[in-house]
Amino acid sequence: MRILLVTGPGGAGRTTVAAATALTAAENGARVLLLSGDPGDPLAALFGEPAGEPVEAAPGLAAVRAAAGVLVARVDSGEEFRAELVALQERGSALLGMVGARPLGAEELTELPGAEQFALLRALRRAAAAPGTDLVVVDMPPLHQTVATLALPAQLRRYLARLLPAERQAARALRPVLAQLAGVPMPAQWLYEAAARWDEELAAVQAVIEAGTTSLHVVAEPGPGADAALRTGLLGLALEQLPVRAVVANRMVPQGSPDPWLAGLGAQQEKYAAQWAGSEWAGAGPAGDVPVLPLGHLGRDPAGPDDLTRLTGADGLVPQVSADSRARREWVVEDRLADDGVLVWVVPLPGARKRDLDLVRRGDELLLAAGPYRRIVPLPSVLRRCTVSGAALADGVLRIRFTPDPDLWPRRA
């Protein structure tokens with residue numbers, strides 16, 4: 001099964017492009033599931049109102065309509081939040097009873113900020129297991145939110161491993177003694193079991209995001225505002241090692257119009273589309289480049305499958321994933337010990353600027369900051385026996401130099 005994540009700066013038309021992509025794949029004979037996490041129902045204007053009762057698209061995931069060969073499912077983050085919190089209260093009922101707490105009923109729970117991200121990730125995992133589906137197209141949030149959402153599973157797994165390391169469960173028989181020595185109660189076994197369950201779920205979502213069969217398309221309307229947002233968002237995706245397979249230049253007006261206003265707009269769009277195709281991040285894709293796919297302007301907001309059909313002419317809109325495709329771009333370590341006495345960690349950060357970069361070594365981890373984004377990554381084993389001796393940014397690639405630590409580096413006899 002293939003998964004296509006569609007995102008872009010706000011107002012770029014990513015929902016329309018996601019729907020057009022799903023329709024294109026369905027017309028080519030694929031069995032398609034279109035998943036949307038947007039509040040309300042923006043796909044109703046493109047596929048029509050729901051007809052009949054919802055059907056099960058995957059275990060725990062309902063599809064609200066089937067139109068033009070596409071099964072459309074919408075994520076209800078509010079319902080997901082209420083169900084998860086009620087289940088959490090039930091699992092911790094003994095502890096809540098000990099402290100005299102009164103559990104909250106599902107009807108009095110209001111969705112909290114951030115619940116949309118968790119609900120979308122759970123739905124993505126379920127959609128990846130949908131039986132009888134060839135392609136899942138996901139209408140993601142705006143680009144900046146998408147970067148944060150896709151980075152969330154790995155971040156939370158790191159927090160869980162740090163705060164509730166699994167190896168501490170082995171000492172549960174000593175917990176009463178440790179509690180007396182420390183003077184505070186030790187975490188209950190149910191907390192470790194919950195952490196293990198969360199880690200398993202997060203690992204499953206992370207595997208879907210990082211799979212070679214998962215593609216990422218970014219939709220943007222060529223122009224100065226979209227250019228700035230696009231470069232910032234693509235930098236965040238590069239920091240998370242999530243390469244973009246295509247940029248969809250949406251709402252392109254016809255060239256050569258006799259109308260001066262349309263001619264000026266068309267020239268501006270062509271200028272930025274050409275810049276995107278020739279920019280340094282255009283070489284950050286898994287195949288070595290990021291194609292820019294033009295998509296025409298209808299002159300109005302699309303409404304209905306007929307309008308979507310008019311937008312399905314762009315080659316490459318439906319990703320073709322080969323057997324050896326890899327979603328993540330690895331950061332390689334170059335061995336320059338013989339010539340320069342250093343090892344170099346090569347970190348592609350297309351579009352990065354020196355003043356926006358920062359890095360801090362903490363034990364066996366490296367904290368990397370690029371623009372508004374931050375990521376903590378474990379060092380490769382060979383670099384853990386080294387010290388950071390410098391870094392340089394050139395042509396969109398950060399090269400971090402490591403010098404072997406004489407006290408840790410193996411010595412020759």
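The following legends describe an overview and several close-up views of a predicted model.

**Figure 1. Overview of the protein chain in the predicted model.** Residues are numbered from 1 along each chain as its sequence is written, and side-chain values use heavy atoms, with hydrogens and water left out. Because the model is predicted, local features need pLDDT of at least 70 and side-chain atom pairs count only at pLDDT 80 or more, whereas totals for chains, interfaces and linings use all residues. The protein chain has 12 helices and 16 strands; helices (H or I, at least four residues) and strands (E, at least two) are DSSP runs, numbered from the N terminus. Of its 413 residues, 43% count as buried, where buried means under 20% relative accessible area, exposed over 50%, and partly exposed in between (1.4 Å probe, protein chains only). The accessible surface comes to about 20,900 Å², 54% of which belongs to carbon and sulfur atoms; areas come from the Shrake-Rupley method with a 1.4 Å probe, and for residues only the protein chains shown count as cover. Among contacts (heavy atoms within 4.5 Å) between residues at least 6 apart in sequence, 70% join residues at least 24 apart.

**Figure 2. Confidence along the chain and the segment 181–186.** The mean pLDDT of the protein chain is 82, and 85% of its residues reach 70 or more; pLDDT is the predictor's confidence in each residue, from 0 to 100. Over residues 181–186 the value stays under 50, and the model has 5 contacts beyond four places in sequence for this segment. Where pLDDT is low, the predicted coordinates should not be read in detail.

**Figure 3. Packing of helix α5 against helix α6.** Helix α5 (residues 115–128) and helix α6 (residues 143–163) pack at an angle of about 75 degrees, and their axes are 10 Å apart. This angle makes α5 roughly perpendicular to α6, a class that covers 65 to 115 degrees, while angles under 35 count as roughly parallel, over 145 as roughly antiparallel and the rest as oblique. Axes are lines fitted to C-alpha atoms, for helices over the stretch in contact, and angles run from 0 to 180 degrees between N-to-C directions. On the α5 side, Q117, F118 and L121 meet Q145, A148, T149, L152, P153 and L156 of α6. The residues of this contact divide into 6 nonpolar, 3 polar and no charged; Ala, Val, Leu, Ile, Met, Phe, Trp, Tyr, Cys and Pro count as nonpolar, Asp, Glu, Lys and Arg as charged, and the others, Gly among them, as polar.

Figure 4. Beyond its neighbours within four places in sequence, C386 is in contact with L343, R361, F402, T403, P404, D405 and W409. The C-alpha atoms of C386 and P406, 20 residues apart along the chain, are separated by 8.5 Å.

**Figure 5. Positive phi values at R251 and D395.** R251, in strand β8 (residues 246–252), is not a glycine, yet has a positive phi of about 60 degrees. With 26% relative accessibility, R251 counts as partly exposed. D395, also a residue other than glycine, has a positive phi near 55 degrees. D395 lies in the loop between β15 and β16 (397–404) and, at 74% relative accessibility, counts as exposed.

**Figure 6. The loop position of R353.** R353 is found between β11 (342–348) and β12 (357–362), and at 44% relative accessibility R353 counts as partly exposed. A separation of 9.3 Å lies between the C-alpha atoms of R353 and A394, which are 41 residues apart along the chain.
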